[in-house]
Amino acid sequence: MYVAREDLEKALRDGLNSQQHLIVHGESGTGKSWLYKKVLADLKVYFEVANLANASRLGSITNELRNLVSRDGKAEKTGYSESKSAGFDALAAKAALDHTGQYEYGQKEPFEACLSAIRCRAGKRKGILVLDNLEAAFTDAFLKELADLLILCDDERYAEYGVKILIVGVPGGVREYYYKTPHHATVANRLRELPEVSRLTREQCTSLAKKGFEQALGYTVESPSAVYAHIAWVTDRIPQMIHEYCLEVANLVHKSDRVITTESLNKADELWLAQSMYHGYSVVEQHMNERDTKAGRRNQTLFSLGCTDREQVKASDIEDVIRRQFPNSTRDTTLNVTQILAQLAKGGQPVLKRTPKGDAYTFADPRYRMALRAMLTKSTEERVEKVPLANT
């Protein structure tokens, strides 16, 4: 199910009309594939998708392009044989002899063959080669091969097919990478990096959930503002997570009266934690206070991390949240948040990771923030309590 994202859709449409190849980037689950498929379908653009995860498995982008061209299962004819009979030679008086000659057709290398196939199938429409899952091939070797392919697109033999390349994946800063690579600095000028595909707005999240529950399924939603606010909060407004969480809610209430209440969401939180957020739950659990301390400062820090909407946080940001959320237990007290955040960024499975500059933190996995929001609650006594996993 798709919800309109007008700014991003416009940016992609404008990019398709430019002379540059395009990069669509954003965290996993933010709807990159939904976005480009929706826009290309609306514009009736023909496209083929090469999976760079498969390229990583096969050893090169070229091998995945070869796979893409031949995946319809039809054997490609690489040559033909011709059998001739030697006629009667009066001088030599030899018997007729059969001989066979092998004649090879001229063959295109995989990249050109792929562009040719897309142009043939697209006809007069625009043709796009999508290279999806860039994060699976974000290595120097693969990025060099990608640069070579982009440069070849300007070669007369390849440019005649008029196929644009759309690169899709998690990493941003691809253009900057090529600017810093001496032999491929000019590649950056061939690329256009579109605005990051990130979380939905609260209005878009509400629209998506409402479209599913009320319009598609015909469910009744009691206290809609509270229900949709909770969905936006616990899923961090990530489209994939919204779908997964709402599916848990739908399955839960479908068995009863098809009415969604705030109580329904509490049960859905438990089910979602057990089924979709189990890894995040386990990682957070490992970092919680090992013993039941009076203040539970580390638990308060984890809870406060879940409260923030910022992509990057500093110790001062989290301390402000802790004092606001736990005013009684933090009054006139030194919190030492800097040390706690440093500890949460250590170990084999850290909750946080330092930013490149080292002065702030981000979540090691975006799902950890969702797990924090679903699994931690605050009591009236300002104690942080853990929601137990549901038995499924």
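The largest cavity in this protein holds about 50 Å³ of space. The structure is a predicted model. Its count of cavities of 30 Å³ or more comes to two, and the second largest cavity holds about 30 Å³.

Met1, Tyr2, Val3 and Arg5 take part in the lining of the largest cavity. Gly31 and Trp34 also line the largest cavity, as do Leu200, Leu208 and Pro239. By class, this lining has seven nonpolar residues, one polar residue and one charged residue. Under the classes used, Gly counts as polar and Arg as charged.

Around the second largest cavity, the lining consists of Leu8, Ala11, Val24, Leu35, Leu194, Pro195 and Val197. This lining has seven nonpolar residues, with no polar and no charged ones.

| Cavity | Volume | Nonpolar lining residues | Polar lining residues | Charged lining residues |
|---|---|---|---|---|
| Largest cavity | about 50 Å³ | seven nonpolar | one polar | one charged |

The protein has 392 residues, and 45% of them count as buried. The accessible surface comes to about 20,800 Å², and carbon and sulfur atoms contribute 48% of that area.

Contacts were also sorted by sequence separation. Among contacts with a separation of 6 or more, 69% are between residues 24 or more positions apart.

Note on methods: Residues numbered from 1 in each chain as written. Predicted model: local features only at pLDDT ≥ 70, side-chain atom pairs only at ≥ 80, totals over all residues. Heavy atoms only, no water. Buried < 20%, exposed > 50% of the residue type's maximum accessible area, 1.4 Å probe, protein only. Contact = heavy atoms within 4.5 Å. Areas by Shrake-Rupley, 256 points an atom, 1.4 Å probe, with all protein chains shown as cover. 1 Å grid on protein atoms, 1.4 Å probe; cavity = no way out; pocket = protein on both sides within 12 Å on 5 of 7 lines; lining within 4 Å. Points joined across faces, edges and corners; volume = space filled by probe spheres on them.
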